[in-house]
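Here is a short tour to read alongside the sequence and the 3D view. Please keep both open as you go.

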Amino acid sequence: MLEWLLFLIITLGGAMIPGANLAIVLRNTLHGCRRDGALTILGLTCALLIHGTLSLLGITALIEQHPTLFEVMRWFGAGYLLLLGLHQLLKCGNADTAPVRTDSVASPFFSGLLISLFNPKVLIYFVAIFAQVLRPEQTLATQLLYMATPALAEVTWFTLLLTLLNRPSVQQRLKRVRSGLERCIGGAMIALGIKLGLG
C-alpha cells in the first residue's frame, strides 16, 4: 500500500506540472463553460486509461521499441497541438467579449483525448514508471489499481482546478483578462507543438 501511495503522489505531481493538458483544460473552459472543461477532463482521463491498459498489455513498450511508430505519434501530437493553437489565436482575433462554444475542430472531449493519447511524453512516462511498479507476481486487482491511478490523479487535480475556475470571484477576474489569457494559451499550444515536433 505504501508503494501505491508513493506512486499516487508521483502521478499527482505529474498531473500538476503545466503542459498541454493544462492548456487544453483552460482553453476549453474559457471558450465554453464548466461542462466543456469537464468533458475535456473526461477525454484526458480516458486517454490515460487507454495508455494504462496498453502498458499493462505491453503494447506501449513495443511502440517505443519501434521508432517509426513513435515518430508517427510524436508528429501527430505536435500537429494537433499546432492546429488547436492556431485555431485559438484565429478565434481570439475574431472574438466578441462573450464566450464562444468550441466547435467540431476542437470538441472538448476529443481535444482532451487526442492531446493526451498522442503525447509521447505520456507514453514514455507509462513505459518508464510501469516498468518499476508492475511485477508478474502481482494480482490482477493490484495491476488494475496501478493502471487506473494516473487517471485518478488527473481527474482529481483538474476537477479541483475546474472548481476553482468556476468560483464567481475568479470568473469576474477571468472576464477582465479573458482575451489576453486566450492568446497566451494559443501561443503556449503552438510553442508546445513546436517543441514536441522538434523532439
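Thr149 belongs to helix 8; helices here are DSSP runs of H or I with at least four residues, strands are runs of E with at least two, and both are numbered from the N terminus. A polar atom of the Thr149 side chain lies 2.6 Å from the backbone oxygen of Leu145.

This is a predicted model, in which local features need pLDDT of at least 70 and side-chain atom pairs count only at pLDDT 80 or more, while totals for chains, interfaces and linings use all residues. Residues are numbered from 1 along each chain as its sequence is written, and side-chain values use heavy atoms, with hydrogens and water left out.

## Helix 8, end to end

Helix 8 covers residues 140–165, and because its 26 residues at 1.5 Å a residue should span 38 Å, the 38 Å between its end C-alpha atoms agrees with expectation. The expected span is 1.5 Å times one less than the number of residues.

Where does helix 8 bend? At Ala148, by about 35°, with a proline, Pro150, following within four residues. The bend is the angle between axes fitted to the seven residues ending at a position and the seven starting there. Buried residues of helix 8 include Gln143, Tyr146, Met147, Pro150, Glu154, Phe158 and Leu165.

## The whole chain

Stepping back, the chain has 9 helices and 0 strands, so to speak a run of α-α-α-α-α-α-α-α-α from the N terminus on. Of the 199 residues in the chain, 44% are buried.

Helix 6 (residues 108–117) is largely enclosed by the rest of the structure, since 7 of its 10 residues are buried. Those buried residues are Pro108, Ser111, Gly112, Leu113, Ile115, Ser116 and Leu117.

## The largest pocket

How much space lies in the largest pocket? About 560 Å³. On a 1 Å grid over the protein atoms alone, a pocket is an open set of points where a 1.4 Å probe fits, with protein on both sides within 12 Å along at least five of seven lines, and lining residues have an atom within 4 Å of a point. Grid points are joined across faces, edges and corners, and the volume is the space filled by probe spheres set on the points.

The lining of the largest pocket has 23 residues, and Gly14, Asn21, Asn119, Lys121 and Val122 lie nearest its centre. Two or more lining residues come from each of helix 1 (2–16), helix 2 (20–31), helix 7 (120–133), helix 8 and helix 9 (168–198). Helix 7 gives the most, with 4 residues. By class, the lining has 14 nonpolar, 6 polar and 3 charged residues; Ala, Val, Leu, Ile, Met, Phe, Trp, Tyr, Cys and Pro count as nonpolar, Asp, Glu, Lys and Arg as charged, and the others, Gly among them, as polar.

## Pairs across the sequence

Ala15 sits in helix 1 and is buried, with a relative accessible area of 7%. Pro120, in helix 7, is buried at 4% relative accessible area, and the C-alpha atoms of Pro120 and Ala78, 42 residues apart along the chain, are separated by 9.6 Å.

Is Gly58 buried or partly exposed? At 33% relative accessibility, Gly58 counts as partly exposed. Gly58 lies in the loop between helix 3 (34–57) and helix 4 (59–65), and 9.9 Å separates the C-alpha atoms of Gly58 and Phe130, 72 residues apart along the chain.

Key
Buried means under 20% relative accessible area, exposed over 50%, partly exposed in between (1.4 Å probe, protein chains only). A polar contact is a pair of N or O atoms within 3.5 Å; within protein, one must be able to donate a hydrogen and the other to accept it, and residues adjacent in sequence count only if both atoms are side-chain atoms.
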